[in-house]
Every structure is written in C-alpha cells, then in structure tokens.
Amino acid sequence: MKKLLLLLLFSFSLSAAPLGETLFNGNCVTCHEMHTTNSAPSIKEVKMRYHKAFDSKEKFVTFMVEWITKPDAKTALMPEAIKKHGLMPLLGYDKESLTEIATFLYEHPF
Ligand code: HEC
C-alpha cells in the first residue's frame, strides 16, 4: 500500500509542470513557438543565442529579465530578428514571473 501511494505521488509530481513553463505557455507562446519561427523567433533559437552570449545561469536570467522589462534595439542580442519582425513590444510583465520563465528557458532542454 505504501509503495502504491509513493508511486502515485511520484507520477503526480511528474505531471505538474514547473511554474516557469506554465507562465511561458500563458504569456510567450502566442508569439514564440518552441521550434518554429513565425511572428517571432522560436524560443529555441532565442535560448541558443542567450546560451552563446552568457556563460552562467545568473547572467542569462538577469539579462533576459532586464531586456524583456524594457525591450531595446540597442542592447538586443538578435538585431536580425528585429529587422525581420520588428522590436518585441513592451508587455508589462512583472520581474518575478519573468525570472521564473527565464530560469525555465535556461534549464529546459529543447
Ligand atoms: C507580441 C509578440 C511577443 C510576445 C507576446 C513575446 N515576444 Fe519575445 N520577441 C518578439 C519578437 C518579434 C522578437 C524579435 C525581435 C526582438 O528581438 O525584439 C522577440 C524577441 C525576444 C527575445 C530576444 C531579445 C534580444 O536580445 O534580441 C527574448 C529573450 C524574448 N523575446 C523573450 C520573450 C519572453 C520570455 C516572452 C514571454 C514573457 C516573450 N518574449 C513574449 C515578440 C514577442
């Protein structure tokens, strides 16, 4: 009986998506699809670019959160994406949610 309960708990925790993933799906996926570039670069492409530019999780997350809080063509890492799609609009997300999302993006293998 105990084993069954543990198994149930285990499978429950597997199905619960991390907060950052839920927030990403609710706020970003309309423009950034996982693997396909449509109205904005795919989030996989964005993640790859950020990984190349930053050698630590802290730098990756801090820069991404700051940039999304105030999108700016001068500091953007993907100027060619701005030429193609226009600058990402200012969407007024709070920093806590953005930190969850950026951490999820850093950690999630695409
Ligand atoms: C209304 C559409 C839209 C939404 C919603 C949106 N983005 Fe973007 N985003 C864009 C476009 C277009 C670009 C490419 C142009 C640019 O870099 O500004 C972009 C670029 C980016 C970049 C690259 C910036 C750089 O350094 O060049 C990051 C990081 C990013 N988005 C993260 C996010 C995250 C995280 C969310 C959700 C919280 C989100 N975006 C929601 C349209 C959107």
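**Metal site**

I began with Met88: methionine 88 has a relative accessible area of 22% and is partly exposed. The model is predicted, and I read every value below with that in mind.

I looked up what holds the iron atom of the ligand. Its protein donors are Met88, through SD, and His32, through NE2, at 2.0 to 2.1 Å. I then checked the geometry: the site has six donor atoms with angles of 87 to 180° among them, and is octahedral. Histidine 32 sits in the loop between helix 2 (19-27) and helix 3 (43-53), and methionine 88 in the loop between helix 5 (79-85) and helix 6 (95-107), so the pair ties together parts 56 residues apart in sequence. Is histidine 32 buried or exposed? Histidine 32 counts as buried, at 12% relative accessibility.

**Largest pocket**

I took the volume next: the largest pocket holds about 560 Å³ of space. I counted 29 lining residues, and those nearest the centre are His32, Ala40, Pro41, Trp67 and Met88. Helix 2, helix 3, helix 4 (57-69), helix 5 and helix 6 each give two or more residues to this lining.

**Alanine 102**

I located alanine 102 in helix 6. Alanine 102 counts as buried, with 1% relative accessibility. Leaving out residues up to four places away in sequence, I found that alanine 102 touches Phe60, Val61, Met64 and Val65.

Methods. Residues are numbered from 1 along each chain as its sequence is written. This is a predicted model: local features need pLDDT of at least 70, side-chain atom pairs count only at pLDDT 80 or more; totals for chains, interfaces and linings use all residues. Side-chain values use heavy atoms; hydrogens and water are left out. Donors are N, O and S atoms within 2.8 Å of the metal (3.2 Å for Na, K and Ca); water is not among the atoms, so sites may look incomplete. Four donors count as tetrahedral if all angles lie between 85 and 135 degrees; four count as square planar and six as octahedral if opposite donors are over 155 degrees apart and all others between 65 and 115; anything else is irregular. Helices (H or I, at least four residues) and strands (E, at least two) are DSSP runs, numbered from the N terminus. Buried means under 20% relative accessible area, exposed over 50%, partly exposed in between (1.4 Å probe, protein chains only). On a 1 Å grid over the protein atoms alone, a cavity is a set of points where a 1.4 Å probe fits but cannot get out, and a pocket is an open set with protein on both sides within 12 Å along at least five of seven lines; lining residues have an atom within 4 Å of a point. Grid points are joined across faces, edges and corners, and a volume is the space filled by probe spheres set on the points. Contact means heavy atoms within 4.5 Å.
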